[in-house]
Amino acid sequence: MTRIVERFRELKKKKQKAFIAFLMGGDPSLKETESLVYELEKRDVDMIEIGVPFSDPIADGSTIQRAGGRALKNKVSLKDILDLVKRIRKKSRIPLLIMTYYNPVFKFGLQHFVKAAKKAGLDGLIVPDLTPEESGELGSLCRRQNLDLVFFIAPTSTFKRIEQVNLKSSGFIYGISLLGVTGERKVLFLGIKKFLQRIEKQLKLPLAIGFGISAPWQAQKIGSLPGVSGIIVGSAIVKKIEESSGRKDYLKKVGSFVESLVRGLKGKQY
């Protein structure tokens, strides 16, 4: 059982939802990414995704693209992210995932990567451009090393695709709340309730909803929907990092913003 599975079970017993935060590894620097992980853990974030910068991020909106570009200018690689995970794991047991496109993993070597990820203390992996139908080798290696491999479903997912995601995912399923790339949205996808009603009985793992959540009221709204076990926030956090970077109260600014989202999700005053 991974730390991801354990955390979802703990939260279910408490009748709480998981808050999963995304950070781009190496933006503004690897040292600051590490500090942000500890800061967000103090703010009651349940899990953290660390993004691996990539030159062709097909699923990312402009905010995360800019963050990835800054990290690439810092020459941050997949190996650097694994080293970062190793350093974090010496001080923290918060569940950690990395989000990476398939090319860096393939170039690293699948078997070499999975072993290095496990040794570093990673708990899970999200690969946006890897379909469940093509995940056989990587999925098998992850299962041997007790690493969760998370797949996506979207409002356009067919019954057959959801069956495949159920079969191949572990840890949780990443639900895309809207059509399009990552990014903040002022209005939530109007069809999300129907989407959740359609898939609720079919899913066999916790569902975490991401894409577009950027305000406490949105966190509360999505988190309260039937069938939702957690939410994922990326672009709004990355934007706050971009706006606050270089300020003396940088960590506090980002931490306070994330805490407001967490409190919104958990039904506390924000």
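The residues lining the second largest pocket divide into 5 nonpolar, 4 polar and 6 charged. Here Ala, Val, Leu, Ile, Met, Phe, Trp, Tyr, Cys and Pro count as nonpolar, Asp, Glu, Lys and Arg as charged, and the others, Gly among them, as polar.

Before going on, a word on the model. It is a predicted one, where local features need pLDDT of at least 70, side-chain atom pairs count only at pLDDT 80 or more, and totals for chains, interfaces and linings use all residues. Residues are numbered from 1 along each chain as its sequence is written, and side-chain values use heavy atoms, with hydrogens and water left out.

Back to the pocket. By pocket I mean an open set of points, on a 1 Å grid over the protein atoms alone, where a 1.4 Å probe fits, with protein on both sides within 12 Å along at least five of seven lines; a lining residue has an atom within 4 Å of a point. The second largest pocket has a volume of about 300 Å³, volume being the space filled by probe spheres set on the points, which are joined across faces, edges and corners. Its lining has 15 residues, and Phe-8, Arg-9, Lys-12, Pro-206 and Ser-229 lie nearest the centre. Helix H1, residues 3-13, gives the largest share of that lining, 5 residues. Helices (H or I, at least four residues) and strands (E, at least two) are DSSP runs, numbered from the N terminus.

Lys-15, in the loop between H1 and E1, has a positive phi of about 60° although it is not a glycine. Pro-28 sits in the loop between strand E1 (18-24) and helix H2 (30-42), and the peptide bond from Asp-27 to Pro-28 is cis, with omega near 5°. For background, most residues other than glycine have a negative phi, and most peptide bonds are trans.

Now the helix pairs. Axes are lines fitted to C-alpha atoms, for helices over the stretch in contact, and angles run from 0 to 180 degrees between N-to-C directions. How do H4 and H6 cross? The axes of helix H4 (residues 78-89) and H6 come within 8 Å and cross at roughly 25°. That makes H4 roughly parallel to H6; angles under 35 degrees count as roughly parallel, over 145 as roughly antiparallel, 65 to 115 as roughly perpendicular and the rest as oblique. In contact (heavy atoms within 4.5 Å) are Leu-78, Leu-82, Val-85, Lys-86 and Arg-89 of H4 with Phe-113, Ala-116, Ala-117 and Ala-120 of H6. These residues comprise 7 nonpolar, no polar and 2 charged.

H6 (residues 110-120) also packs with helix H7 (residues 136-144), at an angle of about 30° and with axes 10 Å apart. H6 is therefore roughly parallel to H7. From H6, Leu-110, Gln-111 and Val-114 meet Glu-137, Leu-138, Leu-141 and Cys-142 in H7.

Last, helix H11 (residues 235-244) and helix H12 (residues 250-266): their axes come within 9 Å and cross at roughly 155°. H11 and H12 are therefore roughly antiparallel. Their contact includes Ile-237 and Ile-241 of H11 and Phe-257 of H12. By class, that contact has 7 nonpolar, 1 polar and 2 charged residues.
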